[in-house]
Structures are given as structure tokens and as C-alpha cells.
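Visitor: Could you show me how to read aromatic pairs in a model like this one?
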Amino acid sequence: MTDPPPNPATWGECSFCGVAVPPAATQCPICGADAPIRATAIATAPKPVRRRLRLTATLRTVIVIAVAGGLAYTLIAAALSGPPVVADPLTTAGMYTLGPGNFTVISGNITGGDYIQGNYTSVSPPGIDISVSVYNSTEYSWFTNGTGNPGVQWNNTPTWDGAIVFAAPYTDTFYFVFTNPLPLSSGITVHVYIATTYESDVAEDGGI
């Protein structure tokens, strides 16, 4: 047989912090204060003690409500805002510096059928032609290592101002290489403004 539960009248409250004190305890299990007040004696306890117990109980209630409200607000806000949006590396805009004979790269993963559109302009000095080539991951490795046959997925006729429209034939990491074709001996560094946007092939209404 199990022991019967203790008489509620034998429980008490700590006269200092107001937490419940077990029947056999002579000290508060939380703050260690002596002489807990038993439930039967709370009504006749000194007025300052009763006032402190009421105040402590009110503060605990306020804290519980505040914590519950904060958690509810956080959960509701997260549900309404949806998953975080991470900027795609192929949606970008900025000024790039290309030394003579040098290049800069914008790269990212593209799902097959999606496409990249954008434009570029030689800003300073104006009118310097820039070449643009798009490589897949294998071709870019060949391009940077000087090995294999670095064919291109797309390229342009060098111009100082042009548009970019590239549709990925399959899913892969693609590299958009912007090159200053001037020889090193020219000493001409070109500042180029480049803007690109990742566009999904999925229509807004959910169709393909």
C-alpha cells in the first residue's frame, strides 16, 4: 500500500520568499530561511508577514504571465514571418575593380531551368570593353588551372555596356567571369558596375 498524501494543513510557506515548504521541513528549500509558516497559521501571521507573502505571490504570478506572454509572442511572430530569407549570391549589385588582364567572379548554384539576368557597365574609365564568360563547375576549374578545354556556357562580344541573360541547362554551380582584356603593359584598371538577379522558371501562379 502506498502512504496517504500529507495533510495540506501541514504544508506551509516560507515567511521570506513565499515558496511552498514540505510538511517535515524546518527550513525553506529555496532560500534556507528558518521557521516556515504552516498553512493553518498563515491567517493569524503578523500583518507584515502576510503582506510580504501576498506581494511575493503576486510577483511570481506576474513573472509567469510575462514569460508565457513572451514565449507566445516569439512563437506567433516566427510563424507569421515564415522561414528566414537568405540572399542568393547571384542576386547582387556593386562596383568591381578589374586590373589589366585580370578578372572578377560572381558564382552560385543555379537550378536547371532557372536563369540569371543583369547588366554591366564600364564606369571608369568609360568605354573600356569588358568580356563576360559563364562556366560550369568543371569548366571553371579548367579555366583557373589552365588545363583541359574550358568551353563556356555563355559569353559575349566584349563591350563596355551589355546585358546578361543566362538560362541554366541543368543544376550546377555556375561562374560569371568578368575580364579586363587590356594587356598588363597598358596599366589601365577598369571600374565596372555589375548587377545580377536570380530568376526562377516557376511562374507566380505555381505553373511551369
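This is a predicted model: local features need pLDDT of at least 70, side-chain atom pairs count only at pLDDT 80 or more; totals for chains, interfaces and linings use all residues.
Visitor: Are Phe166 and Phe176 buried or exposed?

Guide: Buried means under 20% relative accessible area, exposed over 50%, partly exposed in between (1.4 Å probe, protein chains only). Phe166 and Phe176 are both buried. Residues are numbered from 1 along each chain as its sequence is written, and side-chain values use heavy atoms, with hydrogens and water left out.

Visitor: How many aromatic pairs does the structure hold?

Guide: A pair of aromatic rings is described by the distance of the centres and the angle of the planes. Rings of Phe, Tyr and Trp (its six-membered ring) pair if their centres lie within 6.5 Å; planes under 30 degrees apart count as stacked, over 60 as edge-to-face and the rest as tilted. Here there are eight such pairs. Tyr120 and Phe178 are edge-to-face, with 6.1 Å centre to centre and 70° between the planes. Tyr120 sits in strand β6 and Phe178 in strand β10 (residues 172-179), 58 residues apart; strands are DSSP runs (E, at least two residues), numbered from the N terminus. Both residues, Tyr120 and Phe178, are buried.

Visitor: And what of Phe166 and Phe176?

Guide: They are edge-to-face too, at 5.8 Å and 85°. Phe166 belongs to strand β9 and Phe176 to strand β10, so this pair ties together parts 10 residues apart in sequence.

Visitor: Which residues do ring pairs link into a cluster?

Guide: Phe103, Tyr135, Tyr140, Phe143 and Tyr175.

Terms used. Helices (H or I, at least four residues) and strands (E, at least two) are DSSP runs, numbered from the N terminus.
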